[in-house]
Amino acid sequence: MLRCIQLGEKGLGSTAPNPMVGCVIVYQDKIIGEGYTSPYGEAHAEVNAINSVQNKTLLPKSTLYVTLEPCSHFGKTPPCADLIAKYKIPEVVIGLKDPHNKVAGKGIEKLKTSGCNVIVGVLAVECQLHHKRFLSFQEKKRPYIILKWAETQDGFIAPDKSLRKNSPEPFWITNPHSKQLVHQWRSQEQAILVGTNTVLEDNPKLTTRNWKGKNPVRVIMDKSLRIPTEFHVLDKSVKTIILTETKEKSKYLNGLDYEIIDFSAPLASQICKTFHKQNITSILVEGGAQTLQTFIDENLWDEARVFTGSSTFSKGVLAPRMQGIPVSRNKIVSDTLSIYRND
């Protein structure tokens, strides 16, 4: 099952909104097949694992291990439970029951009906952590939310305007190694979210330029559509959603998506509902301080990844305030990365 989890990680960033499942097939204590979920719309882990077995005559004498209950319904691909039954695999070991209402035990029942011996709950805690994005979406009806920011030694997230240049551009607190890591994170999540002030001050691109991988969906909070059209986030190079209060569609730009939210009401919960409707299972919230604090205050976050750089500002925008003790701290050359979990 640990090997299944290892394999499943290979799908991080490409399988969503499907879960990143890993699957291993064992014959006489030897792995004869492996697979993980292909990019969304393509083959599931069980299909890839079965297809990788060179000698299919061994399957009726083998055990299949999988991190999540095999599907039992027709979606973009046929049911995996049917395929397992077709090859008469006699034993299936499952990490977690699938909470999705189209599966939710039906795959297990289908396997048992076909004559499989089914074991559920092996390394369940580890599988829950592995499938955290999918489980949050299915059980909490919201995306998995990761907060990320960088702060100075004296607790500022952005400098005072007097320290900035006249033209809007990012002001780096962290080193290039941390920057590259953030771009890797962007490639792993479905969406990235920032507020209006961050865009106006930094003119960010919010892409994965320093890492090989797909760009996340850009989500920009812009209540009154104040962001100038020449800014990077409106260049239409990446799918972009604007969260706004402006209902006048003549002000909308072609090629961008717009969602109406009420900026006078709690924002984080509205954003979560919008993302759930959009079938987005994970968000990386990158700023600014006000946007991050909104998620903290509404207690709608799962992880916080906080960089502390080596510089000081003395004055500027204070970093978000959050309770808790980091579960880990790591040095990235001159920076410190602290990880918090909201359990």
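How many bridges join strand S6 to S12, and do they run parallel or antiparallel? Strand S6 (residues 144-151) is joined to S12 by 4 bridges, and the two run parallel. The model is predicted: local features need pLDDT of at least 70, side-chain atom pairs count only at pLDDT 80 or more, and totals for chains, interfaces and linings use all residues. Residues are numbered from 1 along each chain as its sequence is written, and side-chain values use heavy atoms, with hydrogens and water left out.

Strands (E, at least two residues) and helices (H or I, at least four) are DSSP runs, numbered from the N terminus. Two strands pair if DSSP finds at least two bridges between them. Strand S12 (residues 282-287) is largely enclosed by the rest of the structure, because 6 of its 6 residues are buried. Buried means under 20% relative accessible area, with a 1.4 Å probe and protein chains only.

These strands belong to an open sheet of 9 strands with mixed pairing, in the order S11-S10-S9-S8-S12-S6-S13-S16-S15. Strand S11 (257-260) and strand S15 (328-332) are the edges, each pairing on one side only. Neighbouring strands are turned by 20 degrees against each other on average, direction ignored. Helix H6 (residues 132-140) packs on the sheet and touches S6, S12, S13 and strand S16 (335-341). The direction of H6 makes about 120 degrees with that of S6. Axes are lines fitted to C-alpha atoms, for helices over the stretch in contact; angles run from 0 to 180 degrees between N-to-C directions. Helix H9 (residues 267-277) also packs on the sheet, with S8, S12 and strand S9 (217-221) among the strands touched. The direction of H9 makes about 150 degrees with that of S9.

Trp-301 lies in the loop between helix H10 (289-297) and strand S13 (303-308). Trp-301 counts as buried because its relative accessibility is 6%. The C-alpha atoms of Trp-301 and Tyr-144 are separated by 7.3 Å, although the two are 157 residues apart along the chain. Leaving aside neighbours within four places in sequence, Trp-301 is in contact (heavy atoms within 4.5 Å) with residues including Arg-142, Ile-145, Phe-295, Met-322 and Tyr-340.

Notes
Buried < 20%, exposed > 50% of the residue type's maximum accessible area, 1.4 Å probe, protein only.
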